[in-house]
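Subject: Handover of the complex

Dear colleague,

Here is the complex we discussed, for your files. Please look it over first; my notes follow below it.

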Amino acid sequence: MDIAILIPLLAATVQSGTPILYATLGEIITERSGVLNLGVEGIMIVGALTGFVVSLTTGNPWLAFFAAGAAGCLMAAVHGVVVLLFLGNQVVSGLAITIFGLGLANYFGTPFVGQAAPGFDPFALPILGNIPALGEIFFRHDVLVYISYLLPLAIWLFLYVTRIGLNLRATGEAPVAARAAGIGVVAYRWLGIIMGGFCMGCGGAYLSLAYTHLWTNNLTGGRGWIAVALVIFSFWRPQRAVFGAYLFGGIMAVQLRLQASGTTIPSSLLLMLPYTLTIAVLVFSSWRRGSTGEPAALGTTIEPRQ
Amino acid sequence: MRRVCTGIVAALAVCLFMGQAVAEDLQVGFVYVSPVGDAGWSYAHDQGRLAVEAMDGVSTSFVEAVAEGPDSERVILNMARKGYDVIFATSFGYMDPMLKVAGQFPDTVFMHCSGFKLADNMGNYFGRMYQARYLSGMVAGAMTESNTLGYVAAFPIPEVIRGINAFTLGVRAMNPEATVRVVWTKTWYDPATEKEAAKSLLDVGADVIAQHQDSAGPQEAAQERGVYSVGYNSDMSQFAPEAHLTAPIWNWGPFYVATVEKVRSGEWQAEATWPGLAEGIVDLAPIGDMVPQEVKDQVMAKMGAIKGGERVFVGPINDQDGVLKVAEGETMSDEELLGMTWFVEGVIGTTQ
Amino acid sequence: MPGMRIIKRQEPLGWRSCLVLLVAIGFSLALGGGLLLVRGVDPVAAMGTLFVGAFGSRYGIEDSALKAIPIFLCSLGVALAFRLRVWNIGAEGQYALGAIGASWLPVAMPDLPAYLLLPSMITMAVVAGGMWGAIPAFFRQKMRTNEIIVTLMMNYIAISLLDYMVYGPWKDPASYGFPMTATFPPAAVVGKIGTTAYSWGLVHAFVLAVLIWVFTTYTRLGYEIKVGGANVRAARYAGIPYDRLVIGVMFLSGALAGWAGFLEASSTLNRLQPSIMANYGYTAIVVAWLARLNPFYIAVASFLLAGLRVGVESLQLDMQVPAAFGLIIEGLVLLSVLAGGFFTTYRVTRR
């Protein structure tokens, strides 16, 4: 592959990785507090629809973006109610959130099909956008991509530098000890769920406001599940999520470009590629490393104080 | 518990009452393979249904997202049992299930879209979309400068392959040097993936993007890169005002209305109908202003000829590898078209 | 909550847990009704239509029962893995592999006699589905890979594989290029019981359920699953070969889903085609959990959820409610039953 193809390929990688990156970061925050949320797909699609509808009616993409995040919070809060208030099983509740969210979005979304909403358009960043190669790959996207460059750093700072982040991680690692130390563990889990939901909703909105400016049923197309997988792939570290998301986006972009350049490999086999590679990387990395960084109390329920 | 019981009784009563109220109406049912919210195939059929709904003395309903196979048999059976007079099933995989049900309900009219089987009370129909695709290919062929065109396609089934072939024949009629590159997305409506597929084609040098997808994702990709695009299903120019050359479009309404009218007047017969441009079931969206007038004239002339009976798939036609498939002077039969699984010369891609 | 105290119940709730279940279902139906109101649909009439469509007639019951078979078998398998605390989200893919495995012989050697064809189809389906379950289990035990993700990714791979087979090597030349295999020969079809509409698949499901029940309740291995699920360390300490147990149980879990794939291909579709994938594998997880992993309750829950799918069709036809309403109800029921489970293990008192 020569350079003329490589640069647009990498630029496409960044873009198709971005919605997954938002969602992965959201799931990382949530899981760091000890809560597994398998509802990413459902939360993303509700975010996507909310963003689209708000943008269509108000014409304000920023408002739409934050509305999508808020919708993500709401959906995540349902998960919170079930697993934190009613101590339900996290795996099953997440799955239910996915089913519920897909149903909800498709139920209300039909009238908005076939319309175009205002959204975010790509623009080159001054100076940075003019750097040869790198500029085209990284700095000629829409503003939500630029935000996604800063987000991992912000989340890393939050988790590792701030007091709140420290307590949140403690809740995910050792809730009993954390509680004994006077940390309001349930409140921190709520925080993890809500912050995570916001990012997931934004990831959905990226699909309907920036990647495309369209709405159809099942818009998210399984990207939420990929995000869940990438959390483990990135060992629960925000900085590694970037690589995971771009790797996955990259394989998807390569798969399509292989076809465009006239390969004779059947497309069904090419479509297996991203998933096979995810498994391969996952197996290899968990096998090689002793500890994966999984929060010790992930998926556990916190018993109420007697 | 008592409330639940009264609820059920009330529901039954409502059903009975409604059944009586519309007893004199002709009831028409539609079965769709995807949600109406797919923005494309099922949406287009549902627009046709709305035209039927607007008729006097006719009421319609539909069931969406029905999987091919046993699910569809149950849905069609359910409609027949509920006394629907005409049932339209709009996906290939509904053919055998519908045939089964048709045998049990001789008084109901069954219409199957995109298949080939017939019964005394079951007809089949499809639209010759490939005619409009050919015309859109002519426009695209005239506008390309790189001689590479991109085609974002959903699934390698005959309908899609036929469309790609007709498009390519149209392109090569205007520009014998041009090639059409195909990317399969394996989705009908996933705007992000489809847009990405269009971009991958643009990256290998395509400067016109056509699509057999329900979403306008590929249109957006063309618009952003400042190249041209050909839509599908309906006029997609609102999504890409500067890129959108034209679009082959569906217009099921007149056909559905005419069929229901025939059933009502007792003139309906079970037959295979494959209407096209001449009957208005497929059409070409208005051609954009960027297209030179002489190209428009050529396309319109060809459209007139096709409406007058000229065929699209006329020999000599070579396949992708240059092997002669249709000899000089021969035309492909409808049956051959219905089962087309090979690409014509000029297409780059695989049919798997 | 201020002024409230949450106390773990000392003895099980007994019959009142049924009440909790009913209240939870009622609550979700009420919420669903609210969503119908938003669209201007009369919720009471709609729920009536839903119920009548699913269970209100002989046809409805037949359809729901037939639809319940694949959900039931997948769920039975999923429940087995869940019992061991292994999160098998991959029933969908294991079901696909079962269908692929079952379709190989009728496509390759359609002339085999029934007494050879059917058993070997089942064997192929069980082995293919089982392997698809055992692979993530192997990774889980040997490389500490998370089974949720691997089973999930393998679903996508399985569906692509199925696509590849029916679009490529197995495509019926007489199908006008459409992605499906040729219709199976009669010898490869699991038929109907006598003149009824019920397929022998129902009997398969029943027999398998009894076998699983006996297996989990009366055998040593069943006991080991229970211990292994409750406490891995205790299991290892008691000398239970935990790694092999997990891989074996996941094989069994996948095999059951594979059997469901076999039945669906052989009995309902009579061929392999992409529409065989109908999210049974995911619904199975919902069912398994609603039924608390108990085989008998799984039967009931799969019948109810199959009925929901069937009933929603009537709801669409009669009242033009979108298909997505079924998903909403499914999600809501699961969420509220899950939340309701709280009241069976805890009680809330005033301080």
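How many residues does the contact take from chain C and from chain A? The contact takes 37 residues from chain C and 39 residues from chain A, where two residues are in contact if their C-beta atoms, placed from the backbone, lie within 7 Å.

Before the rest, some housekeeping. This is a predicted model, in which local features need pLDDT of at least 70 and side-chain atom pairs count only at pLDDT 80 or more, while totals for chains, interfaces and linings use all residues. Residues are numbered from 1 along each chain as its sequence is written, and chains are lettered from A and ligands numbered from 1 in the order in which they are written.

Chain C against chain A

On the side of chain C that touches chain A, at least two residues each come from E1, helix H5 (114–143), H6, helix H11 (280–290) and helix H13 (324–345) of chain C. Helices (H or I, at least four residues) and strands (E, at least two) are DSSP runs, numbered from the N terminus. H13(C) gives the largest share of that side, 13 residues. By type, the residues of the side of chain C that touches chain A are 28 nonpolar, six polar and three charged. Here Ala, Val, Leu, Ile, Met, Phe, Trp, Tyr, Cys and Pro count as nonpolar, Asp, Glu, Lys and Arg as charged, and the others, Gly among them, as polar.

H13(C) has 22 residues and reaches 33 Å from its first C-alpha to its last, close to the 32 Å expected at 1.5 Å a residue; the expected span is 1.5 Å times one less than the number of residues. Of the 22 residues of H13(C), 18 are buried, so this helix is largely enclosed by the rest of the structure. A residue is buried if 20 or more other C-beta atoms lie within 10 Å of its own, exposed if 12 or fewer, and partly exposed in between, with C-beta atoms placed from the backbone.

Helix H6 (residues 147–167) of chain C has 21 residues and spans 30 Å from first C-alpha to last, close to the 30 Å expected. H6(C) is mostly covered, with 20 of its 21 residues buried.

Chain B against chain A

This contact takes 34 residues from chain B and 32 residues from chain A. Strand E7 (179–184), helix H7 (191–203) and helix H8 (217–225) of chain B are the elements that give two or more residues to the side of chain B that touches chain A. The largest share of that side, 10 residues, is from H7(B). Its residues divide into 15 nonpolar, 10 polar and nine charged.

Is E7(B) mostly covered or exposed? E7(B) is mostly covered, as six of its six residues are buried. Thr179(B), Arg181(B) and Val183(B) lie on one side, and Val180(B), Val182(B) and Trp184(B) on the other.

E7(B) also belongs to an open sheet of six strands with parallel pairing, in the order E10-E9-E8-E6-E7-E16 (chain B); two strands pair if DSSP finds at least two bridges between them. Strand E10 (244–246) and E16 of chain B are the edge strands, each pairing on one side only. Six bridges join strand E6 (residues 148–153) of chain B to E7(B), and Thr148(B) has Thr179(B) as its bridge partner. Two bridges join E7(B) to strand E16 (residues 347–348) of chain B, with Arg181(B) opposite Ile348(B).

A second sheet in chain B

Another open sheet of six strands has the order E2-E1-E3-E4-E5-E12 (chain B), with parallel pairing. Strand E2 (58–63) and strand E12 (272–273) of chain B each have a single partner strand, so one side of each is left without a neighbour in the sheet.

Confidence

The predictor gives the complex an ipTM of 0.91 and a pTM of 0.91. Mean pLDDT, the predictor's confidence in each residue from 0 to 100, is 91 for chain A, with 97% of its residues at 70 or more. For chain C the mean is 89, and 98% of its residues reach 70 or more. Among the elements of chain C, strand E1 (residues 4–8) has the lowest mean pLDDT (77) and helix H4 (residues 91–108) the highest (95).

Regards
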